[in-house]
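Subject: Structure handover

Hello,

Here is the structure I promised to pass on. Please open it alongside this note.

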Amino acid sequence: ILMKNVVISLIIFIIMIICIVISLNYLNKATDDLRKLNDEIELYITDNDWDKAYKSSIEYTEKWKDYSEKLKLFVDHQEMDQIEIELWKLPQYIKEKNKEESLASIHVLKFLIDHISELEKVSMQNIL
């Protein structure tokens with residue numbers, strides 16, 4: 001019985017480690033993809049290319065919807081809510097060609113995406 005419990009515990013531990021690795025890889029892929037879009041939108045806003053900025057902001061929102069479904073399984077919901085709130089604002093700021101608010105919004109999104117990535121990294125600070 002003792003050996004059976006050890007084997008079961010070991011299998012559960014290995015499955016848990018595999019799930020953590022898979023979730024971290026997915027998070028890294030999602031945040032890298034969103035960072036690229038973030039930089040693209042920021043460049044469009046800076047260049048006053050409002051049409052491209054708007055299209056990219058809609059694409060950002062769509063990608064976020066796709067990623068967020070899986071990210072909700074292992075990322076803090078408050079962080080995700082903040083991103084969604086900012087994503088509701090950004091296309092409207094861009095549509096109104098409000099450069100200051102658009103840039104502020106894109107920088108908030110950049111911070112929040114980076115923050116989620118940092119919170120989920122395996123580090124001593126996050127473990128303790």
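Below is what was found in it.

The model is predicted: local features need pLDDT of at least 70, side-chain atom pairs count only at pLDDT 80 or more, and totals for chains, interfaces and linings use all residues. Residues are numbered from 1 along each chain as its sequence is written, and side-chain values use heavy atoms, without hydrogens and water.

Start with the helix pair. α1 and α2 pack at an angle of about 165°, with axes 9 Å apart. (Helices are DSSP runs of H or I, at least four residues, numbered from the N terminus; axes are lines fitted to C-alpha atoms over the stretch in contact, and angles run from 0 to 180 degrees between N-to-C directions.) That makes α1 roughly antiparallel to α2 (angles over 145 degrees).

Next, the core. The largest nonpolar core has 24 residues. Such a core is a set of buried Ala, Val, Leu, Ile, Met, Phe, Trp, Tyr and Cys residues joined through side-chain atoms within 4.5 Å. Elements giving two or more residues to this core are α1, α2 (50-71), α3 (77-95) and α4 (99-120). Its largest share, seven residues, comes from α1.

Last, Thr31. Thr31 sits in helix α1 (residues 2-46). Thr31 counts as buried because its relative accessibility is 3% (buried means under 20% relative accessible area, with a 1.4 Å probe and protein chains only). Thr31 touches Ile113 and Ser117, leaving aside residues up to four places away in sequence (contact means heavy atoms within 4.5 Å).

Best wishes

Note on methods
Buried < 20%, exposed > 50% of the residue type's maximum accessible area, 1.4 Å probe, protein only. Parallel < 35°, antiparallel > 145°, perpendicular 65-115°, else oblique.
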